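This report examines the fold of one protein chain, from its overall layout to selected residue contacts. The sequence and the coordinates are shown first.

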Amino acid sequence: MDCRTPFQAILRVCVKCGRPIEQKRVAELEKNLDLCRGLHGEEKAILQIAKKGGASLKDTILYTTTFPCLLCAKKIIEVGISEVWYVEPYPFTEAYRILEDAGVRLKKFEGVKSSQVLDRLYPRRT
């Protein structure tokens, strides 16, 4: 039985029931990214540079929280960004594949994350 919880493909496991999401459903969720009405952070950063008439993005580094989706990966390649640092992985392999094929260096950030810093500065009281 396939869980129908929308957009829980990040871990390929439903966060509500813990059951694996079948491959067909994962592919369906990936296609739905085309229908997203919002801008992703990577898109917004690229567009803001263009809007302000900024310098070329060729051979620059992009820092992002979540690994870019396929749509953002295409834009990253097109503008010439040479390196992407990310915190969280992304479940769909096509974005990794096209970035690597284009020679974009991919680096997973493993250092202290902002939530860890805040927890140390402001410990939660239980």
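The sections below treat the overall architecture, the sheet, the helices, one tyrosine and the cysteines.

## Overall architecture

The model is predicted. The protein contains 5 helices and 3 strands. Read from the N terminus, these elements follow the order α-α-β-α-β-α-β-α. The protein has 126 residues, of which 28% count as buried. Among contacts with a separation of 6 or more, 33% are between residues 24 or more positions apart.

## The sheet

The 3 strands form an open sheet in the order S1-S2-S3, and the pairing is parallel. Strands S1 (61–66) and S3 (105–108) are at the edges; each has a single partner strand, so one side of each is left without a neighbour in the sheet. From one strand to the next, the twist averages 20 degrees.

S1 pairs in the parallel sense with strand S2 (residues 83–88) over 5 bridges. Within this pairing, Ile61 has Glu83 as its bridge partner in S2, and Thr64 has Tyr86.

Val84 stands opposite Leu106 in S3. S2, H4 and S3 likewise make a β-α-β unit that is right-handed.

## Packing of the helices

Helix H3 packs with helix H4 (residues 93–101) at an angle of about 10 degrees, and their axes are 8 Å apart. Angles under 35 degrees count as roughly parallel, and H3 and H4 are therefore roughly parallel to each other. On the H3 side, the contacting residues are Leu70, Ala73, Lys74, Ile76 and Ile77; they meet Glu94, Ala95, Ile98 and Leu99 in H4.

## Surroundings of Tyr86

Tyr86 belongs to strand S2. With a relative accessible area of 10%, Tyr86 is buried. Leaving aside residues up to four places away in sequence, Tyr86 touches Thr64, Thr65, Thr66, Phe67, Tyr96, Leu106, Lys107, Lys108 and Phe109. One of these, Thr65, is 21 residues from Tyr86 along the chain, and the C-alpha atoms of the two are separated by 5.2 Å.

## Cysteines

Which residue holds the cysteine sulfur closest to that of Cys72, and at what distance? The closest one is in Cys69, 3.8 Å away, which is too far for a bond. Cys69 is accordingly in no disulfide, and the sulfur of Cys72 is the nearest cysteine sulfur to its own. A disulfide is a covalent bond between the sulfur atoms of two cysteines.

Burial is assigned to residues with under 20% relative accessible area. Cys69, at 2%, counts as buried, and Cys72, at 1%, is also buried. The table sets out the accessibility values of the residues discussed.

| Residue | Relative accessible area | Class |
|---|---|---|
| Cys69 | 2% | buried |
| Cys72 | 1% | buried |
| Tyr86 | 10% | buried |

Conventions. Residues numbered from 1 in each chain as written. Predicted model: local features only at pLDDT ≥ 70, side-chain atom pairs only at ≥ 80, totals over all residues. Heavy atoms only, no water. Pairing = 2+ DSSP bridges. Helix = DSSP H or I, 4+ residues; strand = E, 2+ residues; numbered from the N terminus. Axes fitted to C-alpha atoms, helices over the stretch in contact; angles between N-to-C directions. Disulfide = S-S within 2.5 Å. Buried < 20%, exposed > 50% of the residue type's maximum accessible area, 1.4 Å probe, protein only. Parallel < 35°, antiparallel > 145°, perpendicular 65-115°, else oblique. Contact = heavy atoms within 4.5 Å. Right-handed = clockwise from strand over helix to strand, strands pointing away.
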